[in-house]
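This report describes a metal site and the charged side-chain pairs of one protein model. The structure is shown first, and the description follows.

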Amino acid sequence: MADRKSTGMPRMIRGSVVTQRRRCGKPTCHCASGETLHETPVLSYSEGGRTRTLMLAGSDVAAVAAAVARYRAALAKLQADGNAGLAALAARVAAQRATGRPRRGR
Ligand SMILES: [Zn+2]
């Protein structure tokens, strides 16, 4: 049988894997007292300024968390590259200002 855990799992996912604790609403359930709530793994993410959640199958949690970690690492690298580019541009502009335009004394 094929490995269903990895089938179709995206390489990168934006969001955070969190555990949602809630009551199911059934008055006879053990959660009704509020002592022991149901724990559901979800992917929490923001979209259009709202925080949304996506329920996860227990067997997907590890793979989703790994994809979230890959996304964060890629994002951090992208930001670092962008900051390095900004610093390089600032140095280039400063060098042009210093040497590119000879000043005339007045
Ligand atoms: Zn319940």
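## Salt bridges and the zinc site

K77 and D81 lie 4 residues apart in helix α1 (residues 61-100), so about one helical turn separates them. In this predicted model, the two residues form a salt bridge whose closest N and O atoms are 2.9 Å apart. K77 is exposed, with a relative accessible area of 53%, whereas D81 is partly exposed at 44%.

The count of salt bridges comes to 3. They are listed below.

| Salt bridge | N to O distance |
|---|---|
| R21 and E39 | 2.9 Å |
| E47 and R52 | 3.5 Å |
| K77 and D81 | 2.9 Å |

The side chains of R21 and E39 meet in a salt bridge. This pair links distant parts of the chain: R21 belongs to strand β1 (residues 16-22) and E39 to strand β2 (residues 38-47), 18 residues apart. Both R21 and E39 are exposed. In the pair of E47 and R52, E47 is partly exposed, with a relative accessible area of 40%, and R52 is partly exposed at 37%.

The zinc ion is coordinated by the SG atoms of C24, C29 and C31 and by NE2 of H38, at 1.9 to 2.3 Å. The angles among the 4 donor atoms are 104 to 115°, and the site is tetrahedral. Along the sequence, the donor residues follow the spacing C-x4-C-x1-C-x6-H.

C31 is buried, with a relative accessibility of 1%. C29 has 19% relative accessibility and therefore counts as buried, the cut-off being under 20%. C24 is partly exposed, at 33%. The structure holds 0 disulfides.

Terms used
Residues are numbered from 1 along each chain as its sequence is written. This is a predicted model: local features need pLDDT of at least 70, side-chain atom pairs count only at pLDDT 80 or more; totals for chains, interfaces and linings use all residues. Side-chain values use heavy atoms; hydrogens and water are left out. Donors are N, O and S atoms within 2.8 Å of the metal (3.2 Å for Na, K and Ca); water is not among the atoms, so sites may look incomplete. Four donors count as tetrahedral if all angles lie between 85 and 135 degrees; four count as square planar and six as octahedral if opposite donors are over 155 degrees apart and all others between 65 and 115; anything else is irregular. Buried means under 20% relative accessible area, exposed over 50%, partly exposed in between (1.4 Å probe, protein chains only). A disulfide is a pair of cysteine sulfur atoms within 2.5 Å. A salt bridge is a side-chain nitrogen of Lys or Arg within 4 Å of a carboxyl oxygen of Asp or Glu. Helices (H or I, at least four residues) and strands (E, at least two) are DSSP runs, numbered from the N terminus.
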